[in-house]
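Subject: Structure handover

Hello,

Here is the structure, with the sequence, for your files. My notes on it follow below.

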Amino acid sequence: MPEPTPPLALTMGDPAGIGPEITADAWRAMRAGATAFAVIGDAALIGRHGVNVREIGSIGEAAGVFADAVPVLPVTLAAPVHPGQPDSRNADAITTSIARAVELARHEHAAGVVTNPISKIVLKKAGFAYPGHTEYLAALCNVPGREVMMLACPELRVVPVTIHVSLRRALDDLTTEGIIAATRTTHAALMRDFGIKHPRIAMAGLNPHAGESGTMGTEEQTIIIPAIEALRAHGMDVSGPWPPDTMFTPPARARYDVAMCMYHDQALIPLKTIDMTQGVNTTLGLPIIRTSPDHGTAFDIAGHGTADPSSLVAALRMAMQMAEHRNRS
Ligand SMILES: NC(=O)C1=CN([C@@H]2O[C@H](COP(=O)(O)OP(=O)(O)OC[C@H]3O[C@@H](n4cnc5c(N)ncnc54)[C@H](O)[C@@H]3O)[C@@H](O)[C@H]2O)C=CC1
Ligand SMILES: NCC(=O)COP(=O)(O)O
């Protein structure tokens with residue numbers, strides 16, 4: 001008999017953002033289904049949103065509780081929470097929640113980690129040394145530098161080769177080796193975690209018209225095409241470099257499984273424009289599964305009761321599907 005899949009570990013995110021309310025709504029949407037999760041955070045905060053909550057002593061209790069209440073592994077907050085008004089005194093609780101979730105997944109007590117949104121600037125003010133979850137998770141898993149960010153919705157998958165850096169620095173950071181490494185990690189994950197047997201990879205150009213044969217920039221010839229050739233030599237189905245302005249049209253999207261993009265917004269603008277509600281952010285290259293909604297803390301609407309939980313629900317479902325693919329592979 002195969003072991004039952006353990007629950008997911010859901011981090012608290014910034015308690016002053018929309019995390020608590022979308023967590024409550026996600027539980028309402030999922031409580032009758034097969035995917036259980038345990039929140040690592042403050043039970044009373046989630047209880048404010050009209051759901052039953054129950055503190056548990058270990059994640060092993062979560063599945064038995066899930067139909068009746070949101071199971072919560074408690075983390076103590078240092079300061080009272082006012083929706084929309086983040087407080088860096090709670091930074092330690094926020095990062096502790098992430099670290100505990102990773103530990104649970106690394107020991108296979110959790111099927112994966114799903115993160116609620118954090119505010120990078122709130123954590124940075126408290127001394128947090130990482131640009132975001134992606135880099136922090138890689139450090140917690142002892143694989144710094146191997147992390148790859150992929151965002152996915154039913155219509156599109158995108159990977160930014162350079163992540164949380166300024167556009168100016170992204171140009172300096174872009175290398176043939178970096179493109180090759182991110183693409184290899186993505187290729188492996190599409191096969192292992194998404195069940196795609198022969199991933200079709202589309203490589204974006206960097207410059208207008210993908211450089212127009214070197215007349216509008218030379219990075220395609222000096223950096224991107226050598227990466228494509230090396231990846232093809234490893235047997236991968238890689239096309240491009242494609243002009244970035246036309247590679248996200250519906251007919252173009254139908255020709256690939258993932259678009260490798262050269263910088264953050266080249267990837268995230270099309271994804272979020274096409275589908276902000278079903279979009280999921282996932283970190284590839286880790287020994288554990290991690291997903292997240294594609295949106296941020298939305299402090300402007302926190303506590304208003306208008307936040308859409310769809311992206312968090314999609315992130316929870318995707319994490320469980322990835323775990324099931326991984327178990328079968
Ligand atoms: N995975 C993560 O932890 C992420 C964190 N962030 C952080 O979030 C903070 C705010 O970032 P922004 O650029 O303002 O992006 P944001 O996604 O928080 O908000 C952008 C706009 O979308 C709306 N929105 C976002 N999610 C929504 C939802 N579920 N339902 C309804 N409306 C929603 C917001 O009200 C806002 O008007 C930043 O500090 C950033 O670092 C941003 C993206 C991802
Ligand atoms: N723009 C995506 C984003 O900020 C998510 O970052 P992370 O916290 O998942 O690393």
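The protein chain divides into domain 1 (1-146 + 284-329) and domain 2 (155-274), with bounds that come from an automatic or database domain assignment. Please note that this is a predicted model, in which local features need pLDDT of at least 70, side-chain atom pairs count only at pLDDT 80 or more, and totals for chains, interfaces and linings use all residues. Residues are numbered from 1 along each chain as its sequence is written, while chains are lettered from A and ligands numbered from 1 in the order in which they are written.

Confidence: the average pLDDT of the protein chain is 96, and 99% of the residues score at least 70; pLDDT is the predictor's confidence in each residue, from 0 to 100. The ipTM is 0.98 and the pTM is 0.96.

Domains: the centres of domain 1 and domain 2, taken over C-alpha atoms, are 29 Å apart. Contact between them involves 12 residues of domain 1 and 11 residues of domain 2, where contact means that C-beta atoms, placed from the backbone, lie within 7 Å. On the domain 1 side, α12 gives the most, with 3 residues. That side has 4 nonpolar, 5 polar and 3 charged residues. In these classes, Ala, Val, Leu, Ile, Met, Phe, Trp, Tyr, Cys and Pro count as nonpolar, Asp, Glu, Lys and Arg as charged, and the others, Gly among them, as polar.

Helix packing: the axes of α8 (residues 176-194) and α12 (residues 310-328) come within 7 Å and cross at roughly 90°. Helices here are DSSP runs of H or I with at least four residues, strands are runs of E with at least two, and both are numbered from the N terminus. Axes are lines fitted to C-alpha atoms, for helices over the stretch in contact, with angles from 0 to 180 degrees between N-to-C directions. The two helices, α8 and α12, are therefore roughly perpendicular, a term that covers 65 to 115 degrees. R192, D193 and F194 of α8 meet M322, H325 and R326 of α12.

Ligands: around ligand 1 there are 19 residues, of which P117, S119, H295, G296 and D308 come nearest; a residue is near if its C-beta atom, placed from the backbone, lies within 6 Å. This shell around ligand 1 has 8 nonpolar, 8 polar and 3 charged residues. Ligand 2 is surrounded by G132, H133, T134, L268, N281 and S292, which divide into 1 nonpolar, 5 polar and no charged.

Backbone: the G240 to P241 peptide bond is cis, with omega near 0°, and P241 lies in strand β9 (residues 237-242).

Regards

Technical notes:
Parallel < 35°, antiparallel > 145°, perpendicular 65-115°, else oblique. Contact = placed C-beta atoms within 7 Å.
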